[in-house]
Amino acid sequence: MAFDYNKLRGRIVEKYGSQIEFSKAMDWSERTLSKKMNGKIPWKQTDICTAIKLLGLSEDDIQEYFFSVKVQNI
């Protein structure tokens with residue numbers, strides 16, 4: 001199952017200006033963030049908790065930002 005991180009990408013740019021700056025705030029390499037955003041490696045629970053704090057989101061937003069299922073064309 002693939003997840004759609006478009007809303008998360010938008011929030012990252014809104015708060016940090018770029019994914020690069022957000023990756024620095026998360027203490028990650030750009031490559032790590034890229035892999036997470038492209039579904040190559042999963043988000044850990046601790047990563048999600050840190051990200052929502054940095055992005056000014058609440059726990060109620062987790063589903064919408066991290067677990068929105070990507071619609072796949074058949």
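## Before we start

The model is predicted, so local features are described at pLDDT of at least 70 and side-chain atom pairs at pLDDT 80 or more, while totals for chains, interfaces and linings use all residues. Residues are numbered from 1 along each chain as its sequence is written, and side-chain values use heavy atoms, with hydrogens and water left out.

## The overall build

Let's begin with the whole chain.

How does the radius of gyration of the protein chain agree with that of a compact globule? For 74 residues, such a globule would come near 11 Å, and the protein chain has 12 Å, which agrees. This radius is taken over C-alpha atoms, and the globule rule is 2.2 Å times the number of residues to the power 0.38. Along its principal axes, the C-alpha trace spans about 35 × 25 × 20 Å.

## Surface, contacts and charges

Of the 74 residues in the protein chain, 28% are buried. Buried means under 20% relative accessible area, exposed means over 50%, and partly exposed lies in between (1.4 Å probe, protein chains only). The accessible surface of the chain comes to about 5100 Å², and carbon and sulfur atoms account for 48% of that surface. These areas come from the Shrake-Rupley method with a 1.4 Å probe; for residues, only the protein chains shown count as cover.

A contact means heavy atoms within 4.5 Å. Among contacts between residues at least 6 apart in sequence, 55% join residues at least 24 apart. As for charge, the chain has 12 positive and 10 negative charges, and their mean positions are 7 Å apart. Lys and Arg count as positive and Asp and Glu as negative, whereas His and the chain ends are not counted. The place of a charge is NZ of Lys, CZ of Arg, CG of Asp or CD of Glu.

Now for the helices themselves. An α-helix has 3.6 residues a turn, so residues three or four places apart point the same way. In helix α1 (residues 6-16), the buried residues are Leu-8, Arg-11 and Ile-12. They cover an arc of only 105° around the axis, which puts them on the same side of α1. The arc is that of the directions from the helix axis to the C-beta atoms.

What does the face of α1 turned away from its buried side carry? Asn-6 and Glu-14 are the exposed residues there. The buried residues of α1 pack against α2 (19-25), α3 (30-37) and α5 (62-66). Just after α1, Gly-17 takes a positive phi of about 85°.

## Helices α3 and α4

In α3, the buried residues are Leu-33, Lys-36 and Met-37. Seen down the axis of α3, they fall within an arc of 95°, so they line one face of the helix. Their packing partners are α1, α2 and α4 (45-54).

Helix α4 has the buried residues Asp-47, Ile-48, Ala-51 and Ile-52. They cover an arc of only 125° around the axis, which puts them on the same side of α4. These buried residues pack against α2, α3 and α5, while the face turned away carries the exposed residues Gln-45, Thr-46 and Lys-53. Just after α4 comes Gly-56, with a positive phi of about 70°.

Ile-48 lies in α4 and counts as buried at 6% relative accessibility. Leaving out residues up to four places away in sequence, Ile-48 touches Trp-43, Ile-62, Phe-66 and Phe-67. Asp-47, also found in helix α4, counts as buried at 12% relative accessibility. With residues up to four places away left out again, Asp-47 touches Met-26, Trp-28 and Lys-36.

Is Asp-27 buried or exposed? At 72% relative accessibility, Asp-27 counts as exposed. Its place is in the loop between α2 and α3. Most residues other than glycine have a negative phi. Asp-27, although not a glycine, has a positive phi of about 65°.

Conventions: Helix = DSSP H or I, 4+ residues; strand = E, 2+ residues; numbered from the N terminus.
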